[in-house]
Amino acid sequence: MSQGIYDTIWARAQQLLPGGVNSPVRTFGSVDALPVFAQSASGPHLITSDERKLIDFICSWGAIVLEHASPVVVQAIIRAASQGTSFGVPTVGEVDYAGLVSSLVPSIEMLRMVNSGTEATTSALRLARGATGREVVVKFEGCYHGHADPFLIKAGSGAANLGVPDSPGVPDSVAQSTRIAQFNDLESVKLSLAPGDVACVILEPVAGNMGVIPPEPGFLEGLRELTESAGSLLIFDEVMTGFRVGLGGAQGRFGVTPDLTTLGKIVAGATPAAVYGGRRDLMNQIAPAGPIYQAGTMSGNPISVAAGTATLNQLASEDDFYRRLEETGAELEARLSAALSRHRIDGTVQRVGGMLTVFFGPSKVRSWDDAVHVDRERFTRFFQGALRREVLIPPSPFEALFLMEAHQGVLEESSLALEAAIGDAA
Ligand SMILES: *Cc1c(COP(=O)(O)O)cnc(C)c1O
């Protein structure tokens, strides 16, 4: 695609789609760049419409953990699609899939499939409210749980980039039922729980939507105890961390079991489906087993079931998948930290499993209060330096670089490019 044709398509996109895109972060606006248009992808590479071959660390925002166009997953999708794309009656496949997910994720005894992470968190919140008879939800500043009204308050990357902390269109009456606490700060949670009106505390157990912030030792355990004694439910939003920080997600990795869990992205093999699930006594309150209503025409569609099943089976069958992902991550982390020091740039690299953020500025980021101080201009130079060297990273300082298995084969060239891009940021 020549520059002229690119300009035409981008102009047309902006005429037809708000901001030219179907999801805000895709504009690349916050890094003074124009978006790349994907034509195809395979292995670790994304091929753009103007035929550049980029090493991809966006990974469909974490949904890809094996490789792009994994033959196992693609074959499963083709097979399923050729037998019908939606039935509106149950399938054997979705029952097997539910068994597979519940065998891997500690908190999940029963689950319901939905179509997006947003729908999973929204449904889990309704369940928490219905089951406790309370209304208030406690969320953490900088955590993102999809775009439903109750969660669009202090919600991290997307909104932070646009400089709109709260979206117009979210009624005050809804916002009033959301109470904000600080990540890694149990005192702020205690205060939020004190009135005794909290249905649930929801969080990303490893924060990813304000850049990667690990839970400090004792934080998740503390939340488990505090919610239990307050009679509130604990929801882990593992849409990003599920199957990315370990086969059992963050709950498996840190050994803390929430009451409810939401999953998306990897769980459906990078197709449009997601899951919420958890304790049997809670899930049995969902219609038609119980009175709390939630439904979906496309829920459990056979294409997503096939893609999810193929992906999870692959992850579960490769013995040392997560050890190797961890090794790739550790090497990249070490090299990027060394590059920061070599170029005398203040900052830090934070990583858990297959997700990693380079923060320019703060020496440690433990909550949104730290993240907000990142040097956005340095990050912009880092992003542009990487892209010039054919490496695509998320176009926001408040996001993670995501790793996939296929990065193992291009680790050296990606590390060199990203180290040089850090040099550009100096
Ligand atoms: C991506 C994400 C969501 C939203 O999922 P969608 O499928 O985009 O609606 C929710 N929570 C977390 C933690 C996410 O990373």
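Predicted model: local features only at pLDDT ≥ 70, side-chain atom pairs only at ≥ 80, totals over all residues.
Student: Which residue places a backbone N or O atom 2.8 Å from an oxygen atom of the ligand, and which one places a side-chain N or O atom 2.6 Å from an oxygen atom of the ligand?

Tutor: For the pair at 2.6 Å, the protein atom is in the side chain of K265. For the pair at 2.8 Å, the protein atom is a backbone N or O, and the residue is G117.

Student: Are α3 and α12 roughly parallel or roughly antiparallel?

Tutor: Helix α3 covers residues 71-82 and helix α12 covers residues 302-317; their axes are 8 Å apart and the packing angle is about 155°. Angles over 145 degrees count as roughly antiparallel. The two helices are therefore roughly antiparallel.

Student: How many nonpolar, polar and charged residues make the contact of α3 with α12?

Tutor: From α3 the contact takes V72, V73, A76, I77, A80 and A81, and from α12 it takes P302, I303, A306, A307, A310, T311 and Q314. Sorted by class, these are eleven nonpolar, two polar and no charged residues.

Student: Where is P288, and what is omega for the peptide bond that joins A287 and P288?

Tutor: P288 is in the loop between α11 (280-283) and α12. The bond joining A287 to P288 is cis, with omega of about 5°.

Student: Are α8 and α9 roughly parallel or roughly antiparallel?

Tutor: The axes of α8 (residues 186-193) and α9 (residues 219-230) come within 10 Å and cross at roughly 15°. Angles under 35 degrees count as roughly parallel. So α8 is roughly parallel to α9.

Student: Which residues of α8 and α9 make the contact, and is the crossing left-handed or right-handed?

Tutor: On the α8 side the residues are L186, V189, K190 and L193; on the α9 side they are F219, G222, L223, L226, T227 and A230. By class the contact has seven nonpolar, two polar and one charged residues. The crossing of the two helices is right-handed.

Student: How many charged residues are in the contact of α13 with α16?

Tutor: Helices α13 (residues 321-342) and α16 (residues 411-425) pack at about 25° with axes 9 Å apart, which makes them roughly parallel. T328, E331, L332, R335, L336, A339, L340 and R342 of α13 meet L411, E412, S415, L416, L418, E419 and I422 of α16. The classes are eight nonpolar, two polar and, for charged residues, five.

Technical notes
Residues numbered from 1 in each chain as written. Heavy atoms only, no water. Axes fitted to C-alpha atoms, helices over the stretch in contact; angles between N-to-C directions. Helix = DSSP H or I, 4+ residues; strand = E, 2+ residues; numbered from the N terminus. Parallel < 35°, antiparallel > 145°, perpendicular 65-115°, else oblique. Left-handed = near helix turned anticlockwise from the far one by under 90°. Contact = heavy atoms within 4.5 Å. Nonpolar A, V, L, I, M, F, W, Y, C, P; charged D, E, K, R; others polar. Polar contact = N/O pair within 3.5 Å; in protein donor to acceptor, adjacent residues only side chain to side chain.
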